[in-house]
Amino acid sequence: MVIEKIAEKYSLNKINTSDEIPSFYCERGKFISLFNELKDEFEILLDITAVDFLGRRNERFDLVYLLLSLKNKTRLRIKVKIKEGEKLPSLSKLWKNANWLEREVYDMFGIEFEGHPDLRRILLYPEFEGHPLRKDYPLKKSHPRLPLLRPERE
Amino acid sequence: METMLLNIGPSHPAMHGTIQIKVELDGERVIKADVEIGYLHRGFEKTAENRSYMQVLPYTDRLNYVSPLLNNLAYAMAVEKLLGIDVPPRAKWLRMIFGEISRITDHLTCIAPIGMELGAFTVFLYMIKAREFLWDVLDATTGARLTTSYIRIGGVKADVPDNFEELLKKALVEVRKAVKDVHGLLSKNPIFLKRTRDIAVVTQAEALSYGFTGPVLRSTGYYYDVRKAFPYLYYNEVDFEVPLGERGDNYDRFMVRMQEIEQSVRIIEQAFKKIEKGPVKSEDEVVEAYEAIKASHRGKYLDKKLELNPNLEGMEKEIYDQIMAKVPQYILPPKEDLYRTIEGMIRHFKLIMSGHGLRPPEGEVYVPVEGGNGELGFYIVSDGSDRPYRLHLRAPVFSIMSALGKMIEGHYVADVIPTFASINMIGGELDR
C-alpha cells in the first residue's frame with residue numbers, strides 16, 4: 001500500500017484511533033516534503049483543524065490534516081505537533097481550499113501559516129480580540145459593540 | 001479602465017443566507033469577487049466543548065437546517081463509533097429512510113431558488129409545496145418539522161406512527177409529480193438553458209483541488225459518493241445510481257440534484273419494504289400515568305401498560321429494543337421504566353447528570369456521511385470525560401464556498417445569484 005510506503009519513507013509514527021482511518025504524526029521538518037508527495041496520491045484535502053492541549057503536554061497544538069484518495073479508496077490523517085507561536089508552511093499552493101481552511105484555523109486558534117496569500121480572519125470580524133477555540137478563552141466572554149462605520153462621502 | 005465596487009449582501013433581498021460578496025465590476029461583468037462569510041457564526045464548536053454528548057445533539061439540527069436529520073445522523077454515528085455501539089437493524093433502516101427524506105428536502109430547497117432567481121417563480125412554489133408533504137411525514141414521526149433531533153445516540157427516537165405508510169406514499173407521489181413538472185418547466189426551457197448552460201463552469205481538476213464533494217463534484221463528472229465509496233448503514237444493500245453531470249456548470253448542478261431526488265425516492269421505497277411489517281404491539285389495557293402514581297401512593301403497583309404521552313408514542317417499552325441499541329449504560333431507559341421503577345430513574349439520572357453521562361473512552365474519531373451538499377463529517381476528540389474535548393464539523397459547503405469567488409469571475413452580475421443558489425449555501429453549516 002501507498003500509505004505504508006510513505007510512512008516508512010518519512011518514518012511517521014502511527015497513532016491508534018477509534019476509527020479505521022490510518023493516522024500518523026509527522027515531524028515539522030518533514031512536513032512540506034511529505035505533503036508534496038501526498039499530493040500525487042490524495043486528490044482531495046478534506047479538512048484542516050487543530051486541537052488545543054493547553055496544560056496537558058509540552059507542545060500546545062495538534063494540527064490535524066485529513067486527506068481523501070479515491071484512487072486508493074482511503075482517507076489519511078496526518079497530525080503535526082506545534083508549540084505556541086510556531087508556524088507551519090501553508091498548503092494553499094497544493095490544494096486550493098487550504099486557503100480558507102487555514103484562515104479558519106488562524107481565526108479560531110491563532111496558528112499562523114507561512115506563505116499564505118491572504119491570512120486574515122474568516123468567521124469573525126477583524127476587530128475581534130483573541131482566538132475563541134483556544135482552551136484559555138472564556139466561554140462567556142463578551143466583546144464591546146463596534147462603532148458604526150460611516151461611509152465616506154465625496 | 002474604471003471599475004466599480006459593489007457590495008452584494010449581507011442583507012440583500014436576493015441573498016438567501018447572510019453572506020457578503022464584494023464584486024469589482026467592469027460594466028456588468030465581474031472582474032474580481034471576494035466572498036466574506038461568518039455572519040451566522042454562533043460558536044457551535046466552542047459550545048459543543050462545554051456541553052455533554054447528549055446535549056450537543058439538538059445543536060446539530062441547527063447546522064444544515066434544511067436537512068437536519070443528516071446532521072443528527074453524522075453526529076450520532078460519530079459518538080456511536082467512539083462508544084462502540086451497534087444499532088439494531090430496524091433503527092438503521094429508519095435512519096436511512098429519514099436521511100433520504102432529508103436529502104430530498106435539501107435538494108428541493110436548493111432547486112426552488114434556482115428557478116426563482118431566474119424568474120420562474122412557479123418552480124419555487126411547486127418545490128416548496130412538495131417539501132411540505134415531506135415535512136408532514138417528519139412531523140408525524142419526529143414531532144417537529146425542522147429541529148427534529150430524531151436520530152439519537154444508539155438508535156432513533158421513536159418508531160413510525162400507524163399512518164406513516166399513507167403519509168409517505170402521498171409525499172413521494174407529490175415529490176415525483178413536482179420533479180416531473182419542474183423537468184417540464186425548466187429542463188428544456190431555452191431561457192433557462194441560456195441562463196445556466198456554461199455559466200460558472202468548474203473543471204474536474206479544479207473541483208478536486210477545491211475539495212468539492214457531493215452533487216457539486218458529481219456535476220463535473222467525477223464519481224464520488226460516500227454512500228457508494230464507503231458504505232454505511234445499509235446503503236450497500238439497496239439499489240440506486242449516482243447521477244453524474246458532464247460540464248460542471250449551473251445546469252449540471254441543477255440536473256444532478258433533480259436526478260438525485262429520484263434516486264432518493266427509490267432508496268426510500270426499498271427501505272420502506274424492510275420496515276413495513278412493524279413490531280407487534282400488545283393490545284393490553286392501558287392506564288393513565290396519574291392512576292399509576294395514585295396507586296403507588298396507596299402502596300400498590302398497577303401491573304398494567306402505561307398510557308404514554310402522545311409525544312412519546314412509538315417509544316413504548318415493548319418496541320424499545322428494536323429502535324435503540326441494547327447497551328443500558330449508554331442509552332436512556334424506556335419511559336415506563338423511568339417513571340415506575342427506581343432503577344430506571346437512577347439509570348436515567350446517571351446519564352443526564354453533569355459529570356456522569358456518556359463517557360466514551362479516550363480517542364478520536366471522524367465519521368463522514370453523504371450530506372445534502374457532500375461529505376459531512378464530525379471529528380470528535382474524547383479525553384474520557386462526559387464532554388467532547390474537541391468537536392469539529394467538516395462542512396461540505398465551506399470548501400465549495402471558497403471557490404465561489406473564482407466561479408463567478410468573468411460572468412455578469414445577474415449570474416452571481418443563480419450560481420450562488422446552485423451550490424446551495426446553508427449559513428448554519430457554513431459559519432457554524
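Trainee: Let's start with Leu233(B): is this residue buried or exposed?

Mentor: You count neighbours. A residue is called buried if 20 or more other C-beta atoms lie within 10 Å of its own. Leu233(B) has 21 C-beta neighbours inside 10 Å, so it counts as buried. Keep in mind that we are looking at a predicted model.

Trainee: And where in chain B does Leu233(B) sit?

Mentor: Look in the loop between helix H10 (226–229) and helix H11 (250–275) of chain B. While you're there, check the backbone: phi of Leu233(B) is near 45°, which is a positive value in a residue other than glycine.

Trainee: Which loop of chain B holds Asn424(B)?

Mentor: Asn424(B) lies in the loop between helix H18 (413–422) and helix H19 (427–431) of chain B. This residue is not a glycine, yet its phi is positive, at about 55°.

Trainee: Okay, now a strand. How do I read Val286(B) in that way?

Mentor: Count again, and you get 13 other C-beta atoms within 10 Å, so Val286(B) is partly exposed. This residue belongs to strand E6 (residues 286–287) of chain B.

Trainee: Which residues does Val286(B) touch, leaving out those up to four places away in sequence?

Mentor: Its partners are Lys304(B), Lys305(B), Leu306(B) and Glu307(B), with residues up to four places away left out. Take Leu306(B): it is 20 residues from Val286(B) along the chain, but their C-alpha atoms are separated by 5.4 Å.

Trainee: How should I think about a nonpolar core?

Mentor: Here's the general idea: in soluble globular proteins, nonpolar side chains tend to be buried together. In this model, the largest nonpolar core has 161 residues, and the ones touching the most other members are Leu67(A), Ala74(B), Ala78(B) and Val175(B). Helix H4 (residues 89–117) of chain B gives the most to this core, with 14 residues.

Trainee: Which residues does Ala74(B) touch, again skipping those up to four places away in sequence?

Mentor: Ala74(B) touches Val367(B), Val369(B), Leu376(B), Gly377(B) and Phe378(B), once residues up to four places away are skipped.

Trainee: How do I describe two helices that pack together?

Mentor: Two packed helices are described by the angle between their axes and the distance between the axes. As for handedness, H5(B) passes H6(B) in a left-handed crossing.

Trainee: What kinds of residue make up that contact of H5(B) with H6(B)?

Mentor: They divide into 17 nonpolar, two polar and five charged. From H5(B), the residues include Tyr126(B), Phe133(B) and Val137(B), and from H6(B) they include Leu168(B), Val175(B) and Val182(B). You've met Val175(B) already, among the residues that touch the most other members of the largest nonpolar core.

Trainee: At what angle do H2(B) and H3(B) pack?

Mentor: Helix H2 (residues 53–61) of chain B packs against H3(B) at about 155°, with the axes 8 Å apart. That makes H2(B) roughly antiparallel to H3(B). Here the crossing is right-handed. Tyr53(B), Val56(B), Leu57(B), Thr60(B) and Asp61(B) in H2(B) meet Pro68(B), Asn71(B), Asn72(B), Tyr75(B) and Val79(B) in H3(B). By class, that contact has six nonpolar, three polar and one charged residues.

Trainee: Now the two chains. How many residues does each give to the contact?

Mentor: Chain B gives 30 residues and chain A gives 25 residues. Several elements of chain B supply at least two residues each to its side, including helix H3 (68–83), strand E9 (375–382) and helix H16 (396–401). E8(B) gives the most to that side, with five residues. By class, the side of chain B that touches chain A has 12 nonpolar, 10 polar and eight charged residues.

Trainee: Last one: what elements does chain A have, and in which order?

Mentor: Chain A has three helices and seven strands. From the N terminus on, they run α-β-β-α-β-β-β-β-α-β. Buried residues make up 35% of the 154 residues in chain A, and the C-alpha trace of chain A spans about 60 × 40 × 25 Å along its principal axes.

How values were computed. Residues numbered from 1 in each chain as written. Chains lettered and ligands numbered in written order. Predicted model: local features only at pLDDT ≥ 70, side-chain atom pairs only at ≥ 80, totals over all residues. Core = buried A, V, L, I, M, F, W, Y, C linked by C-beta atoms within 7 Å. Buried ≥ 20, exposed ≤ 12 C-beta atoms within 10 Å, placed from the backbone. Helix = DSSP H or I, 4+ residues; strand = E, 2+ residues; numbered from the N terminus. Contact = placed C-beta atoms within 7 Å. Left-handed = near helix turned anticlockwise from the far one by under 90°. Nonpolar A, V, L, I, M, F, W, Y, C, P; charged D, E, K, R; others polar. Axes fitted to C-alpha atoms, helices over the stretch in contact; angles between N-to-C directions. Parallel < 35°, antiparallel > 145°, perpendicular 65-115°, else oblique.
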